[in-house]
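I opened my notebook and picked a few things to look up. Here is what I jotted down, entry by entry.

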Amino acid sequence: MMADTAWSTGELEQIASRDELDVAPRRNDGTLTKPRIVWMVRVGGDVYIRSVQGTEGAWYRTTRGRGEGHVNTGTVDKDVTFLDVEDSDGLQDRIDAAYRAKYSRYPGPVASITAAKARATTMRLVPR
């Protein structure tokens, strides 16, 4: 049963202020994987993540099973559902712009996280 389906304003502010998110997808047997550090961005009231390794990223592949996991920023600690993102109404471009703005001091990694390989793995995090 999904108790919350939206981030609170405070959670969104905390997420936006942090550079890193620990993400631990849930395996098919229900256990969580070892957390991996990823970059996340806020676009409106939603939070998005991508695999810089594309579909080859181990943590990303694990999200394909149950579509559930856990995230932690140090201040926000939540179970989440991973939802694939379609490129509708320029959403992927807005997510790219959010990555460029938030992480502009890292031009090389930003080029990787906004490349087609990473864009193909864009997921919206929905609190559970």
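This is a predicted model: local features need pLDDT of at least 70, side-chain atom pairs count only at pLDDT 80 or more; totals for chains, interfaces and linings use all residues.

**Aromatic rings.** Trp39, Tyr99, Tyr103 and Tyr106 came up as one aromatic cluster. I then searched the whole structure and got four aromatic pairs.

**The core.** Next I looked for the largest nonpolar core, and it has 30 residues. Trp7, Ile49, Ile95 and Leu125 have the most contacts inside this core. Helix α3, residues 91-102, gives the core its largest share, which is four residues. I followed up on Leu125 and asked what it touches beyond four places away in sequence. My list for Leu125 reads Trp7, Leu21, Val47, Ile49, Val71, Val80, Thr81 and Phe82.

**Strands side by side.** I moved on to the pairing around β6. Strand β5 (residues 68-72) runs antiparallel to β6, and five bridges join them. Here Glu68 stands opposite Thr81 in β6. The hairpin of β5 and β6 has four residues between the strands, and Gly74 in this hairpin has a positive phi near 100°. On to the next partner: β6 is also joined by five bridges to strand β7 (residues 123-127), again antiparallel. In that pairing I found Asp84 opposite Met123 in β7.

Most residues other than glycine have a negative phi. Asp89 isn't glycine, yet its phi is positive, near 55°. I looked up where Asp89 is, and the answer is the loop between β6 (77-84) and α3. Is Asp89 buried or exposed? Its relative accessible area is 73%, so Asp89 is exposed, the cut-off for that being over 50%.

**An arginine in a loop.** Last entry: Arg26, which is in the loop between β1 (21-25) and β2 (36-38). Why does Arg26 count as buried? Because its relative accessibility is 18%, and buried means under 20%. A polar atom of the Arg26 side chain lies 2.7 Å from the backbone oxygen of Gly30. Skipping neighbours within four places in sequence, I noted contacts of Arg26 with Thr31, Leu32, Thr62, Arg66, Glu68, Gly69 and Asp79.

Definitions and conventions: Residues are numbered from 1 along each chain as its sequence is written. Side-chain values use heavy atoms; hydrogens and water are left out. A nonpolar core is a set of buried Ala, Val, Leu, Ile, Met, Phe, Trp, Tyr and Cys residues joined through side-chain atoms within 4.5 Å. Buried means under 20% relative accessible area, exposed over 50%, partly exposed in between (1.4 Å probe, protein chains only). Helices (H or I, at least four residues) and strands (E, at least two) are DSSP runs, numbered from the N terminus. Contact means heavy atoms within 4.5 Å. Rings of Phe, Tyr and Trp (its six-membered ring) pair if their centres lie within 6.5 Å; planes under 30 degrees apart count as stacked, over 60 as edge-to-face and the rest as tilted. A polar contact is a pair of N or O atoms within 3.5 Å; within protein, one must be able to donate a hydrogen and the other to accept it, and residues adjacent in sequence count only if both atoms are side-chain atoms. Two strands pair if DSSP finds at least two bridges between them.
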